[in-house]
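Colleague: I am new to this structure and would like a close look at a single part of it. Please take me through that part slowly and show what lies around it.

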Amino acid sequence: MFTGIVEETGRVVAAERTGGVLRIRIGADRVLQDLSVGDSVSVSGCCLTAIAVGPDAFETELTDESVRATAPRWHQGARVNLERAMPAHGRFGGHVVSGHVEGVGEVTDHRRMEGATVLTIRAPAGMARWLVPKGSITADGVSMTVVDVGGPGGTRPDLDARTFTLWIIPHTRDVTTLGELGPGSHLNLEADVMARYAARAAALADTEAAAADPTDLTVADGREPS
């Protein structure tokens, strides 16, 4: 689990396809301090496993499905946001982030305003139901607050239901890659997992499954669980 508080930005220093997977090497500093092989790292919002750790970089692998389902960050020279998995004794500064990218959004507008950079982002259609004004979203691994949203219950009638805005303070712009994104850029998005759990529970509230006897341990095919 992660919090969306980026520890540093790293850079992809090598990318090579081997044995059906894409193996990438990421130059870093802070996240290497106690990183071991097998540990999870959020790389621009995508939870990846460290398969090799060196003094100035770590390596990880992506399947074709991971490459297909995420923003194009996996080439030499790309800057990425990095966060180690949250320790049990750590501070919870952002929100619950799983590192499971739900969709790839596209920046449609980038505006500099006094005290903030405003990004307008169009999410995949299926994510519209998770976009709530002042709700949480993970954008390229960064825990952010959604400001304006279009559609029913939204705050901007000029936007559609899958479009929202993020206001990025100068500090976040300086320590993450979000300030580099312009119109046409793509980024990894993960909806607030708490909202998704709540919606799933509400959807099942009136179903037979929800009304089932909680003491009945019979599995779906009628056999008793082992």
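In which loop is Ser44 found?

Modeller: The model is a predicted one. Ser44 is found in the loop that runs between β3 (40-43) and β4 (46-49). The backbone there has a point to note: phi of Ser44 is near 50 degrees, which is a positive value in a residue other than glycine. As background, most residues other than glycine have a negative phi. Ser44 is also buried, because its relative accessible area is 0%, and the limit for buried is under 20%.

Arg73 touches Ser44, and its other contacts, leaving aside residues up to four places away in sequence, are Val12, Ala78, Arg79, Val80, Asp140, Leu181, His186 and Leu187. Arg73 itself lies in a loop, the one between α1 (64-68) and β7 (79-84). With a relative accessible area of 10%, Arg73 counts as buried, so this charged residue falls on the buried side of the 20% limit.

For comparison with Ser44, consider Lys134. Lys134 is not a glycine either, yet it has a positive phi of about 70 degrees. Its place is in the loop between β9 (116-122) and β10 (136-139). Ser44 is buried at 0%, whereas Lys134 is exposed, with a relative accessible area of 60%. Lys134 is called exposed because that value is over 50%.

Met86 has its place in the loop between β7 and β8 (103-113). Not counting residues up to four places away in sequence, Met86 touches Met1, Thr3, Arg91 and Phe92. From Met86 to Ile137 the separation is 51 residues in sequence and 18 Å in space, C-alpha to C-alpha.

Met86 also belongs to a pocket. The largest pocket has a volume of about 390 Å³. It is lined by 17 residues, and those closest to its centre are Glu7, Arg84, Ala85, Met86 and Pro87. By type, the lining of the largest pocket divides into seven charged, six nonpolar and four polar residues.

To return to the part you asked about, Ser44 is a buried residue in the loop between β3 and β4, with a positive phi and with Arg73 in contact.

Notes:
Residues numbered from 1 in each chain as written. Predicted model: local features only at pLDDT ≥ 70, side-chain atom pairs only at ≥ 80, totals over all residues. Heavy atoms only, no water. Helix = DSSP H or I, 4+ residues; strand = E, 2+ residues; numbered from the N terminus. Buried < 20%, exposed > 50% of the residue type's maximum accessible area, 1.4 Å probe, protein only. 1 Å grid on protein atoms, 1.4 Å probe; cavity = no way out; pocket = protein on both sides within 12 Å on 5 of 7 lines; lining within 4 Å. Points joined across faces, edges and corners; volume = space filled by probe spheres on them. Contact = heavy atoms within 4.5 Å.
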